[in-house]
Structure formats: structure tokens, C-alpha cells
Amino acid sequence: MLAIDNKLPFLITISKIIQFGTVEFLPNRTQTQVLAAILSAKKLHSARQFTVLQCHADLEFEPLEDDLHDNGIKLNLAMEGEHVPEIE
């Protein structure tokens with residue numbers, strides 16, 4: 001068993017259908033940095049002929065909704081007090 005917590009910020013993604021995951025270190029949690037990490041994950045999927053059309057996320061990602069939409073991604077937000085079980 002391995003349990004760790006290092007308090008470093010990472011963006012973790014997992015594709016529901018193909019179970020393809022990514023992990024990217026975030027030097028900071030600014031909207032610009034988080035958006036860049038999401039778009040990097042989208043690019044990795046595209047390189048493998050998969051298209052990212054939707055993103056399911058907690059409410060903390062709400063400020064990125066317009067930017068994601070501009071990049072062809074519909075943001076589906078979990079309600080307050082709920083989580084996205086695939087990534088929790």
C-alpha cells in the first residue's frame with residue numbers, strides 16, 4: 001500500500017471511454033496555467049485520433065468555461081457538494 005500527499009498542484013485527466021490519463025504539474029493554479037494544461041491533454045488525445053468534446057469538472061473550473069468553449073470543449077460542472085467520481 002502506498003499513500004502520499006505532497007501538496008504540489010497537478011492537473012489530472014482521465015478519458016471515460018478509453019481510460020487514457022494524463023498528469024501535468026502546474027507551477028501555479030492560475031486560469032492561464034490550468035487552461036494550458038487542459039489544452040495540452042486535448043492535444044495529446046488529438047495526436048491519437050481522439051476528440052475531446054466535453055469536460056466534466058468541479059465548480060473550481062467554472063471560470064474556464066468560455067475559454068474551453070472557444071477551444072471546442074463543452075464544460076459540464078458538478079453541482080456544489082458533488083464531485084466528478086472518475087477523477088476523485
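Colleague: Is Glu62 buried, partly exposed or exposed?
Modeller: In this predicted model, Glu62 is partly exposed, because its relative accessible area is 42%, and partly exposed covers the range between under 20% for buried and over 50% for exposed.

Colleague: And where is Glu62 found?
Modeller: Glu62 is found in the loop between E3 and H2, and together with Glu65, Asp66, Asp67 and Asp70 it forms a negative surface patch.

Colleague: What about Pro63, where does that lie?
Modeller: Pro63 also lies in the loop between E3 and H2, and with a relative accessibility of 45% it counts as partly exposed. From Pro63 to Ile38 the C-alpha to C-alpha separation is 13 Å in space, while the two are 25 residues apart in sequence.

Colleague: New topic, which residues form the nonpolar patch on the surface?
Modeller: The nonpolar patch is formed by Leu8, Phe10, Ile12, Ile14, Val23, Phe25 and Ile87, which together have about 620 Å² of accessible area. Strand E1 (10-14) and strand E2 (21-25) are the elements that give two or more residues to this patch, and E1 gives the most, with 3 residues.

Colleague: How does Phe25 count in terms of accessibility?
Modeller: Phe25, which is found in strand E2, counts as partly exposed at 42% relative accessibility.

Conventions:
Residues are numbered from 1 along each chain as its sequence is written. This is a predicted model: local features need pLDDT of at least 70, side-chain atom pairs count only at pLDDT 80 or more; totals for chains, interfaces and linings use all residues. Side-chain values use heavy atoms; hydrogens and water are left out. Patches are made of residues with over 30% relative accessible area and no salt bridge: like charges are joined within 9 Å, nonpolar side chains (Val, Leu, Ile, Met, Phe, Trp, Tyr) within 5 Å. Accessible areas come from the Shrake-Rupley method with a 1.4 Å probe; for residues, only the protein chains shown count as cover. A salt bridge is a side-chain nitrogen of Lys or Arg within 4 Å of a carboxyl oxygen of Asp or Glu. Lys and Arg count as positive and Asp and Glu as negative; His and the chain ends are not counted. The place of a charge is taken as NZ of Lys, CZ of Arg, CG of Asp or CD of Glu. Helices (H or I, at least four residues) and strands (E, at least two) are DSSP runs, numbered from the N terminus. Buried means under 20% relative accessible area, exposed over 50%, partly exposed in between (1.4 Å probe, protein chains only).
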